[in-house]
Amino acid sequence: MENSTQAIEKINCLIIGSGPAGYTAAIYASRANLNPVLYEGMQTGGQLTTTSEVENFPGYPEGVSGNEMMEDIRKQALKFGADIREGNVTSADLSDTKKIVTIDNKKTIEANVVIIATGASARYLGLESERKFRGMGVSACAVCDGFFYRKQSVAVIGGGDTAVGDALYLSGIASKVYLIVRKNYLRASKVLQERVANTPNIEILYEHVTKEVLGDDSGVTGLRLLKQDKEEVCIKVTGMFLAIGHKPNTEIFKDQITLDENGYIITEGKSSQTNIQGVFACGDVQDPTYRQAITAAASGCKAALDAERYLQLQ
Ligand code: NDP
């Protein structure tokens, strides 16, 4: 039988999340002797592990895979003594000076300071048919699942950097890639747009909205689209990849931490300070604007420095 009176583990600095923000906070916090414990959450390494090539992080002139880069930052945090653990924070009471957090609904941690770096998760369209075929052709991670669509036709939904990056990645695997864009232009950076324009097996369908995912027992067989709000179009694809942005992972904090209208944590001025003393936030969970690996890493650094200053004043 499970021991329900398990002792509470008392720690100094708790970091929640393992993207570039969380790991960078762990590097700085360990070097400042804050003895950080970092819980990695559902997706070790965060969203970057679902990215193929990272070309814009300084220090990697040849580019680097998202996985490799996260492994490098993780190793750097371990080198300075960060205690990195598997586990997901399932509830938190941050109201007191001592912050109480539960891991995987069973282990309780008491921390003097908490750094939230829980990032953001992929958005879905919200269609019933999309839910039905999740894992059977519907995916939000081209890099994880693209491999299964060798020489098949697939669709990517979205017009931002992620969508265009995913379309380019999939064009090397699939025979045909449709990029389904709801506006009449792409939001993606110019360099990516040029690459798409020069990739013959990518076809962009502007002003198309996905109405239904079609399929049978074998999984996705096509998409029913609406063109310019009037004309119905069906395309044959066996995979649909969502790349329509992300929502911040703030569900467990929403009753305590002040969030903006989209659920992002609000931090004070240029700092990582949340509305609660001793609780700091960094990375995509508090950044609806920049959302880059480098800005997330920088904000992780700031959160660790803010946490250090806070602890010095206690
Ligand atoms: P974005 O928010 O930039 O783009 C989302 C795209 O999805 C937009 O084209 C948007 O259309 C579309 N979209 C949103 N909701 C729907 C919907 N319900 N139906 C159809 N389409 C929809 O998200 P990204 O994930 O692409 O990028 C996030 C951030 O990460 C950006 O700052 C980006 O620059 C950055 N990034 C950088 C990369 C790099 O530098 N290599 C790689 C990947 C991301 P609309 O334009 O109409 O709103």
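Student: Two strands pair if DSSP finds at least two bridges between them. Which strands form a hairpin here?

Tutor: This is a predicted model, and in the model β6 and β7 form a hairpin. The stretch between the two strands has 5 residues.

Student: How many bridges join β6 to β7?

Tutor: There are 4 bridges between β6, residues 89-93, and β7, residues 99-103. The two strands run antiparallel. To find a spot in the pairing, look at A92, which stands opposite V101 in β7.

Student: What holds paired strands together in general?

Tutor: Backbone hydrogen bonds do that, and the pairing is either parallel or antiparallel.

Student: OK, sheets. What is the order of the strands in the open sheet of 5 strands?

Tutor: The order is β10-β17-β11-β12-β13, and the pairing is parallel. At the edges are β10 (138-139) and β13 (202-206), each of which pairs on one side only.

Student: And inside that sheet, how many bridges does β11 make with β17?

Tutor: β11, residues 153-157, pairs with β17, residues 239-242, over 4 bridges in the parallel sense. V154 of this pair has G239 in β17 opposite.

Student: Which order does the open sheet of 3 strands have?

Tutor: That sheet runs β14-β15-β16, with antiparallel pairing. Its edge strands are β14 (208-216) and β16 (231-236), and each pairs on one side only. From one strand to the next, the twist averages 25°.

Student: What joins β15 to β16?

Tutor: They run antiparallel and are joined by 6 bridges, with β15 covering residues 219-227.

Student: Switching to helices. At what angle do α5 and α6 pack?

Tutor: The angle is about 35°, and the axes are 10 Å apart. Helix α5 spans residues 161-171 and helix α6 spans residues 190-197. Their crossing is left-handed.

Student: Which residues meet there?

Tutor: From α5, D161, V164 and L168 meet L192, Q193, R195 and V196 of α6. Sorted by class, this contact has 4 nonpolar, 1 polar and 2 charged residues.

Student: Now α1 and α7: how do their axes cross?

Tutor: The axes of α1 (residues 20-31) and α7 cross at roughly 40° and come within 7 Å. α1 passes α7 in a right-handed crossing.

Student: What classes of residue make up that contact?

Tutor: It has 11 nonpolar, 3 polar and no charged residues. The α1 side includes P20, A21 and Y28, and the α7 side includes A293, G300, C301 and L305.

Student: Last topic, pockets. How much space lies in the second largest pocket?

Tutor: The second largest pocket holds about 230 Å³ of space. Its lining consists of 15 residues, and Q286, D287, T295, S299 and K302 lie nearest its centre.

Student: Which helix gives the most to the lining?

Tutor: Helix α7, residues 293-312, gives the most, with 5 residues. One residue of α7 to note is S299, which meets α1 as part of the helix contact and is also among the lining residues nearest the pocket centre.

Student: What is the lining of the second largest pocket like by class?

Tutor: There are 4 nonpolar, 8 polar and 3 charged residues in that lining. The contact of α1 with α7, by comparison, has no charged residues.

How values were computed
Residues are numbered from 1 along each chain as its sequence is written. This is a predicted model: local features need pLDDT of at least 70, side-chain atom pairs count only at pLDDT 80 or more; totals for chains, interfaces and linings use all residues. Side-chain values use heavy atoms; hydrogens and water are left out. Axes are lines fitted to C-alpha atoms, for helices over the stretch in contact, and angles run from 0 to 180 degrees between N-to-C directions. A crossing is left-handed if the near helix is turned anticlockwise from the far one by less than a right angle, and right-handed if clockwise. Contact means heavy atoms within 4.5 Å. Ala, Val, Leu, Ile, Met, Phe, Trp, Tyr, Cys and Pro count as nonpolar, Asp, Glu, Lys and Arg as charged, and the others, Gly among them, as polar. On a 1 Å grid over the protein atoms alone, a cavity is a set of points where a 1.4 Å probe fits but cannot get out, and a pocket is an open set with protein on both sides within 12 Å along at least five of seven lines; lining residues have an atom within 4 Å of a point. Grid points are joined across faces, edges and corners, and a volume is the space filled by probe spheres set on the points.
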